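Me: I would like to go through this model by question and answer. Please keep it brisk.

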Amino acid sequence: MKWFHLIRRWRRWRATRLPFPNEWNEILNKNFPLDRTLSQEDRHRLRYLIQIFLYEKNIRGLNGLAITDEIRVTVAAQACLLLLHLDEDDFPNLYSVLIYPTAYEASHTEYLEGGLIRESRDLRLGETSKRGAVLLSWQDAKYGAADIHDGQNVVLHEFAHQLDLENNVADGAPLLPRRSMYLAWARVFSKAYSELQKDIEHHHKHVMSAYGATNAAEFFAVATETFFEKPLALKNQHFELYEQLRLFYRQDPAKRARNIDRKS
Ligand SMILES: [Zn+2]
């Protein structure tokens, strides 16, 4: 539909017509050290994506959290890192990002056999809703941005779920650019998933967090966190998985990590 593309182009123009504010650069500098590992071109692209994200998404604070530019830019930067080399410059199904000051309690309903219902409450750092919202704990989003080597990042995790949901099912497979990629993706991911389950069962160490063994969707989200934050270990220990993620995201964080080692 032509008019749709025109409106989209107009919105993109509105979002990016002003230069990236200096204060936002300072926030990135202070809160998001990964930015410094990117090429000049990628840093430029990241800022373009952040401007679109902050123009289009509704970001609201919950439990009394007042939304500041620091919160907006720190969250947007991590979310947009995933989009850096993808064809799309947006999370099309996402409308709102709702942010709690810290980890929050949420109730969970399980429907058991025989019509029984089990209600439980748990503490969460973030979640993705199918209805176009991502929920986050600001404390954990900030911590995730500051430590780029611990393999844990709630923003990367929840926005990986958003990519997974773009085909409307949370099945651990986002929309791949070529149909021919699905076969290799399925083969590599199912093998890696069962390896993670086995390692946990035998109490062996694994570069990915055990939460990835919950189901296929969590596996993709946790694999994404590991890909960006522990790329060298993932590449060394699970080369095929690393390669699938590299082909999908069209980024090579292991190469970036090696360049930093060389510089320092
Ligand atoms: Zn998850």
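Me: How far apart are the centres of domain 1 and domain 2?
Reply: This is a predicted model. The domain assignment gives domain 1 as 1-151 and domain 2 as 171-264. Taken over C-alpha atoms, their centres are separated by 21 Å.

Me: What area is buried between domain 1 and domain 2?
Reply: Domain 1 brings 16 residues to the contact, and domain 2 brings 12. Carbon and sulfur atoms give 52% of the buried area. The total is about 1,300 Å².

Me: Which side chains meet in a salt bridge?
Reply: The interface of domain 1 and domain 2 holds one salt bridge by the rule. The rule asks for a Lys or Arg side-chain nitrogen within 4 Å of an Asp or Glu carboxyl oxygen. Here the N to O distance is 3.0 Å. The partners are Arg250 and Asp87.

Me: How many residue pairs are in polar contact across the interface of domain 1 and domain 2?
Reply: On the side of domain 1 that touches domain 2, seven residues are nonpolar, five polar and four charged. Counting pairs with both residues at pLDDT 80 or more, the rule finds four.

Me: Why is the arrangement around the zinc ion irregular?
Reply: His157 and His161 each coordinate through NE2, and Glu218 gives two OE donors, at 2.0 to 2.7 Å. Along the chain the donors follow H-x3-H-x56-E. A tetrahedral call needs all angles between 85 and 135 degrees. The arrangement is irregular because the four donor atoms subtend angles of 53 to 143°.

Definitions and conventions. Residues numbered from 1 in each chain as written. Predicted model: local features only at pLDDT ≥ 70, side-chain atom pairs only at ≥ 80, totals over all residues. Heavy atoms only, no water. Domains from an automatic or database assignment. Contact = heavy atoms within 4.5 Å. Buried area = accessible area lost by both parts, 1.4 Å probe. Polar contact = N/O pair within 3.5 Å; in protein donor to acceptor, adjacent residues only side chain to side chain. Nonpolar A, V, L, I, M, F, W, Y, C, P; charged D, E, K, R; others polar. Donors = N, O, S within 2.8 Å, 3.2 Å for Na, K, Ca; no water. Tetrahedral: all angles 85-135°; square planar, octahedral: opposite > 155°, others 65-115°.
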